[in-house]
Amino acid sequence: MFDTKPLLGEEAPSVYNTTHRRKTVYAVLKAVAVAILVVSALVYSGSSSHKPAPNKKNIIFMVTDGMGPASLSLARSFKQFRDDLPINDILALDRHLIGSSRTRSSSSLVTDSAAGATAFSCGLKSYNGAIGVDPSKNPCGTILEALKLQGYLTGLVVTTRITDATPAAFSSHVDYRFQEDLIAEQQLGEYPLGRMVDLIIGGGRCHFLPASVDGGCRADSRNLIKEYTENDIWSYVGNRQQFDELDGGKNVTLPLLGLLATSDIPYDIDRNPKQYPSLAEQVKVALTALSKATEDSDKGFFLLIEGSRIDHAGHHNDPSAQVREVLAYDEAYKEVLKFIEDSDVETVAVSTSDHETGGLVTSRQVSPSYPDYIWYPEVLLNCSHSGEFLTSKIVSFTRSNSDAKVVEDFITKEIFQNDMGIQDATAQEVKDVKENLSTPGQLLYVLNNMISLRSQTGWTTHGHSAVDVNIYGAVSNFGSIKTQLYQSAENVGLLGNHENIEIGKFMESVAGVDLSKITELLKDTKHHPSSVDEINANSFDQYHQTQ
Ligand SMILES: *[C@@H]1O[C@H](CO)[C@@H](O)[C@H](O)[C@H]1NC(C)=O
Ligand SMILES: *[C@@H]1O[C@H](CO)[C@@H](O)[C@H](O)[C@H]1NC(C)=O
Ligand SMILES: *[C@@H]1O[C@H](CO)[C@@H](O)[C@H](O)[C@H]1NC(C)=O
Ligand SMILES: [Zn+2]
């Protein structure tokens with residue numbers, strides 16, 4: 001940086017020269033010292049080791065959709081059996097259990113995911129089907145919006161459609177969860193608050209594309225992906241290869257729209273890793289990108305993470321798929337723990353469920369005589385695909401093969417023996433499959449029931465239940481949130497048994513925001529269905545029963 005040669009090369013020093021030279025040396029040394037100070041100050045402020053602003057926080061909210069306490073017993077025992085682990089080997093989540101949550105909505109003792117998520121996002125009870133609106137259908141300010149308006153960055157990471165109930169209730173306001181076209185528009189910023197979301201990674205391209213485009217299902221002709229990415233308003237990734245170019249989150253341009261599937265990302269048990277990332281990989285990208293982008297800010301980020309399809313496995317009464325979904329979520333939770341440990345920004349993660357699904361129990365009476373006290377995880381281990389996957393496999397096989405003998409062979413050898421690990425299928429079971437080939441929804445139940453019976457896993461419903469669900473929490477070991485987290489409800493903590501809205505209130509309190517102020521800004525939001533036809537076409541039963 002400084003060429004010192006002329007100095008060293010000077011000759012015949014006079015007194016004057018010596019003094020001059022000394023002065024010059026001092027001047028140069030001073031300049032070097034100042035330069036070092038300036039450079040080191042620059043490096044320091046740009047490095048992750050600098051002290052973050054005193055009130056800087058990251059808030060991570062994690063939802064296990066449809067996961068009740070029995071799902072954990074099932075997954076834990078399954079993992080111990082599979083990996084030959086001792087009985088004290090527990091899940092990462094297990095170490096952070098702090099309370100439980102009561103889940104009823106304003107319209108029913110049994111909630112759906114829309115009302116469940118609105119309880120978290122707005123901190124209020126609403127009716128089944130409500131997305132970010134109160135019982136009178138007025139849009140309510142969400143924790144994500146409040147934090148974004150304070151200067152936080154925000155993200156949504158899910159394994160279902162990004163327009164589905166849980167992510168929607170944080171980032172949009174509509175009367176009914178089936179208004180997914182409108183939800184997509186709002187998530188991109190088309191409502192009074194403008195764009196509130198900085199990062200989206202999940203499935204659900206369908207409601208961003210017109211029906212005329214492959215994989216699209218919008219009722220209008222808009223191509224939102226084209227509209228928003230053409231002008232570089234959002235950066236976009238739509239497949240595994242593009243996801244990998246995000247380089248674990250180090251190569252992300254925000255806002256990022258990551259839509260990795262037309263609808264749901266496949267169940268973890270069926271997932272081809274060459275085609276789809278795991279939830280843990282999605283989470284890692286989000287945490288890296290959001291923490292990097294807030295590095296020089298005095299505000300952190302808010303991230304919603306959902307293990308969305310635990311719920312679907314519950315609806316399907318599919319224990320083989322469910323244990324893998326829970327374990328995939330536990331891996332994602334470990335990513336969050338690692339982040340909290342390494343981050344010098346105070347970070348809190350709260351993980352809970354909106355409700356239980358399936359009425360799952362880890363035992364089942366399978367004969368008239370008094371039952372044995374046992375269930376068999378090995379049956380779930382031997383089954384290598386979900387009922388959903390196998391149903392499509394059977395349906396597409398029978399489309400091109402109508403010969404009865406060929407179909408029966410395929411069902412017993414390929415499906416039962418090979419894919420499900422069932423060697424003792426009965427003639428009645430083969431008959432049940434053959435008789436339900438034209439009704440995939442029923443066929444799915446036949447297959448999953450074969451696994452549930454043999455493993456002695458019990459289910460009481462294909463819908464949701466009202467059983468209390470667990471609350472887990474992890475927090476930096478510095479700062480003040482850690483004290484608050486382990487307090488009871490009266491002190492806006494999460495210890496003990498809570499109404500689900502108290503979890504929303506906890507986040508509101510930690511963030512130091514007032515959601516009612518956001519509610520005022522939302523008055524002009526378009527949130528009604530566009531026509532009565534739309535309501536009729538999506539009758540309550542239809543949307544309620546499928547999620
Ligand atoms: C970063 O992303 C760009 C596209 O946005 C891509 O061209 C480039 O290859 C990526 N870099 C890495 C290291 O993956
Ligand atoms: C699981 O598969 C193994 C290997 O094929 C077999 O020995 C075992 O009997 C199966 N277990 C059950 C419960 O079907
Ligand atoms: C399969 O089909 C038969 C005949 O249509 C029906 O009686 C049965 O209930 C179906 N199985 C299931 C699980 O719904
Ligand atoms: Zn559900």
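Reply: A polar contact is a pair of N or O atoms within 3.5 Å; within protein, one must be able to donate a hydrogen and the other to accept it, and residues adjacent in sequence count only if both atoms are side-chain atoms. This is a predicted model, where local features need pLDDT of at least 70, side-chain atom pairs count only at pLDDT 80 or more, and totals for chains, interfaces and linings use all residues. Residues are numbered from 1 along each chain as its sequence is written, chains are lettered from A and ligands numbered from 1 in the order in which they are written, and side-chain values use heavy atoms, with hydrogens and water left out.

Me: How far does a polar side-chain atom of Asn 436 lie from an oxygen atom of ligand 3?
Reply: A residue is near a molecule if one of its heavy atoms lies within 4 Å of it. Around ligand 3 we find Glu 435, Asn 436, Gln 442 and Val 446. Gln 442 puts a polar side-chain atom 2.3 Å from an oxygen atom of the ligand. For Asn 436, the distance to an oxygen atom of ligand 3 is 2.7 Å.

Me: How much of the accessible area of ligand 3 does the protein cover?
Reply: Accessible areas come from the Shrake-Rupley method with a 1.4 Å probe; for residues, only the protein chains shown count as cover. On its own, ligand 3 has 360 Å² of accessible area, and the protein covers 48%.

Me: How much of the accessible area of ligand 2 does the protein cover?
Reply: Take ligand 2 on its own: its accessible area is 360 Å². The protein covers 37%.

Me: Which element gives the most to the lining of the largest cavity?
Reply: On a 1 Å grid over the protein atoms alone, a cavity is a set of points where a 1.4 Å probe fits but cannot get out, a pocket is an open set with protein on both sides within 12 Å along at least five of seven lines, and lining residues have an atom within 4 Å of a point. Of its 16 lining residues, the closest to the centre include Thr 159 and Asp 268. Helices (H or I, at least four residues) and strands (E, at least two) are DSSP runs numbered from the N terminus, and the most, three residues, comes from α12.

Me: Which element gives the largest share of the lining of the largest pocket?
Reply: About 500 Å³ of space lies in this pocket. Its lining has 21 residues, with Ser 291, Lys 292, Phe 339, Asp 342 and Ser 343 nearest the centre. Both α10 and α12 give two or more residues. The largest share, five residues, is from α10.

Me: Where is Asp 354 found?
Reply: UniProt, in an unreviewed entry, lists Asp 65, Asp 311, His 315, Asp 354, His 355 and His 464 for "binding site"; its positions are in the numbering used here, feature names are shortened, and annotations may be inferred rather than shown by experiment. These residues span 400 residues in sequence, yet no two of their C-alpha atoms are more than 14.3 Å apart, so they gather at one spot. Asp 354 sits in the loop between β8 (346-352) and β9 (356-357).

Terms used: Grid points are joined across faces, edges and corners, and a volume is the space filled by probe spheres set on the points.
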